[in-house]
Amino acid sequence: MTQLALGPSWLDPDYLIQTFGLIGVLVIVFAESGLLIGFFLPGDSLLFTTGLLVTTGLIDHPLWLVCTLVVAAAIIGDQVGYLFGRKVGPALFRRPDSKLFKQENVEKAHEFFEKHGPKSLVLARFVPIIRTFTPIIAGVSRMNYRSFIIFNVLGGVLWGAGVTLLGASLGKIAFVREHIDLILVGIVLLSVLPIVIEFLRARSQSKKAAAAGEDTAAPMAGPAAGTAVGGPEDPGGAQGRGRHAKR
C-alpha cells in the first residue's frame, strides 16, 4: 500500500499502523478522544485504514476484536477527558495559548456543546478537533454523569466500530484497495466539512447581526437630531418656546 501524502509521514495512517501496530492505533484513539494534545491526530482515516488492513490481512487480528478494542479506547478516552474537565473547571478557559493548545478550540467545542447538548458527545465523534475537546467541556459544565456515560458509549460504538467496519467493508473492493490514497483524502475532506460549514454559518450570522444593528441605529438617529434642533415638529423646542413668549 502506498502512503498517504497529506502531511508528515508520522501522521500518515498507513505509516502509523505499520510502525506501531494495533497498540499504536488504540493509543492514538485514546489520546484523540480525551487528551488535549490529541486533537491533531488522524482519527477517522486511521480507523478506516485499520479496518481495511484487517480485511487485507496486514493486521493479523480478528475484526471483532479490533472493533471491540477501538471502542473501548474511545470510551475510556472520553471518560478521561470528562474527569479532566471536572478537575480543571473554568481554569481551562483562562489557559494561555501554546503550540499544542489553542483557546479557540475550547471555545468552538463549548459552542458545539451548548448548541447540541448531550447528543454533542455523539456528533462530535465525527468532527476532528471538536471530538477531543467536547468531553472536556462536558466535564467543565458538570454534565450529569449518567447521561454522559450513555452518550459516551453510544458515540464510541458508532464512531469507533462504525468507521472501522466501513474500512473493512470497502477494503474488499479492488478499486478501494488500488486507490487508497484518494479514498483517505476523501475521508479527511469529509471529516473537516462540518467545521467548514459551521465556520461559514457563523460568519453569515455575524454579518446579518451587524447589518441588523446598523438598520436599528439609523431610525434612532432621526428623532434625536430633530429634538436637538427644536424643529417645527417639536413644540417643546426653542421655536415653540419663542412663540409662547411673544404671547
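View 1. Leaving aside neighbours within four places in sequence, Thr134 is in contact (heavy atoms within 4.5 Å) with Ala109, Phe112, Phe113, Ser120, Leu121 and Ala124. Thr134 belongs to helix α6, residues 130-140. Helices here are DSSP runs of H or I with at least four residues, strands are runs of E with at least two, and both are numbered from the N terminus. Is Thr134 buried or exposed? Thr134 is buried, with a relative accessible area of 1%; buried means under 20%, exposed over 50%, and partly exposed in between, using a 1.4 Å probe and protein chains only.

This is a predicted model, where local features need pLDDT of at least 70 and side-chain atom pairs count only at pLDDT 80 or more, while totals for chains, interfaces and linings use all residues. Residues are numbered from 1 along each chain as its sequence is written, and side-chain values use heavy atoms, leaving out hydrogens and water.

**View 2. Helix α2 against helix α7.** Two packed helices are described by the angle between their axes and the distance between the axes. Here, α2 (residues 43-55) and α7 (residues 145-170) pack at about 50 degrees, with axes 7 Å apart. That angle makes α2 oblique to α7: under 35 degrees counts as roughly parallel, over 145 as roughly antiparallel, 65 to 115 as roughly perpendicular, and the rest as oblique. The axes are lines fitted to C-alpha atoms, for helices over the stretch in contact, and angles run from 0 to 180 degrees between N-to-C directions. α2 passes α7 in a right-handed crossing; a crossing is right-handed if the near helix is turned clockwise from the far one by less than a right angle, and left-handed if anticlockwise.

**View 3. The residues where α2 and α7 meet.** On the α2 side you will find Gly43, Asp44, Leu47, Phe48, Gly51, Leu52 and Thr55, and they meet Trp159, Gly160, Val163, Thr164, Leu166, Gly167, Ala168 and Leu170 of α7. The residues of this contact divide into eight nonpolar, six polar and one charged. Ala, Val, Leu, Ile, Met, Phe, Trp, Tyr, Cys and Pro count as nonpolar, Asp, Glu, Lys and Arg as charged, and the others, Gly among them, as polar.

**View 4. Helix α3 against helix α7.** Now look at α3 (residues 63-88), which packs with α7 at about 145 degrees, their axes 8 Å apart. The crossing of α3 and α7 is right-handed. The contact of α3 with α7 holds 17 nonpolar residues, five polar and one charged.
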